[in-house]
Amino acid sequence: MREADLIERLRRLATHPGARELRDDAAVLEGLVLTHDTIAEGVHFFPFDPPASVGWKLLAVNLSDLAAKGAAPVGVLLSVTLSDDDWIAAFIDGMEAACESYRVPLLGGDTISLPPGAPRIVGLTAVGRAGERTPARSGGRPGDRLWVAGTLGDAAAGLALLDMDPAADGPLVDVFRRPVPLLEMGRALAPHATAMMDVSDGLLLDLSRLCAASGCGAEVQLDAMPLSRAFVGEKGQDRAARLFAASGGDDYALLAAIPPELDPSVTLSLPEKPTLVCIGRLAEGHGISLTDGGETVPLPERLGYEHRTELSPMDDRG
């Protein structure tokens, strides 16, 4: 079963308005923003990844969902599978470092044991305080400009390096293992965004979800993709590299639709980092049209990473 099919079935249960029909990154309930993410060995991290980085990543990916709603973190609930003591101790060390960095307390959670040799699976529920506006995926309008905060492709490139060599290191590997949630940028953009989400499964796939929820299409300029110096050094910046960046996963950048009369890079008081660039606009109709230097480019067959039952661990990632 594809991830989208399962979510469609679950919508029958999501009867509370705060669930936003499961079309958003998070639920909104009485001034709180609620989100949950699970990461699994062989899917989101390698068995040889440092356990401390897994603990950091688990918190960071949940806080990224709060960032996309402009919410301030309040606390988290942890679900963890018991395994060998050294791994668990290092995992908790990494999570503790992330909690201290973002001033997020642990509120509770659950522990379970699995049969020996089973992949490690850890989950986290994050709770945030909603700001003055909590932008959904569904509020975008044709004509809104599309802005990306952060860079694209770094984590997918780091994953590719680790896939070739488990001993690989460097800035791209660091981005894959220890993403940085853009909480401050999210709070700055949220009051002005008609729609906003984080980019976790690949820009093109996540944008297609925003378009579907908003009932419109999108025009994207491939040559506007924000690429880091480390990415360009590893992958280059030709069309193939930019398509790789646009369809990679684990970026945890922010994608915001903002009315055309507002240029947030000029008008708003934004944090110095990350970069914020316009990559296109929402349009009438449906689907995504892609250009590069003014030339129309076919969409890649794979827009990003989507979970489905027939995949083996780490298949089709990056």
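Reader: How many residue pairs are in polar contact between domain 1 and domain 2?

Author: This is a predicted model, in which local features need pLDDT of at least 70, side-chain atom pairs count only at pLDDT 80 or more, and totals for chains, interfaces and linings use all residues. Residues are numbered from 1 along each chain as its sequence is written, and side-chain values use heavy atoms, with hydrogens and water left out. A polar contact is a pair of N or O atoms within 3.5 Å; within protein, one must be able to donate a hydrogen and the other to accept it, and residues adjacent in sequence count only if both atoms are side-chain atoms. Between domain 1 and domain 2, with both residues at pLDDT 80 or more, the count is six residue pairs.

Reader: Which element gives the most residues to the side of domain 1 that touches domain 2?

Author: Helices (H or I, at least four residues) and strands (E, at least two) are DSSP runs, numbered from the N terminus. On that side of domain 1, α1 (3-10), α2 (51-68) and β3 (72-82) each supply at least two residues. The most, twelve residues, come from α2.

Reader: Which residue forms a salt bridge with Asp 250?

Author: A salt bridge is a side-chain nitrogen of Lys or Arg within 4 Å of a carboxyl oxygen of Asp or Glu. The rule finds two across the interface of domain 1 and domain 2. In the one formed by Asp 250, the closest N and O atoms are 3.1 Å apart, and the partner is Lys 57.
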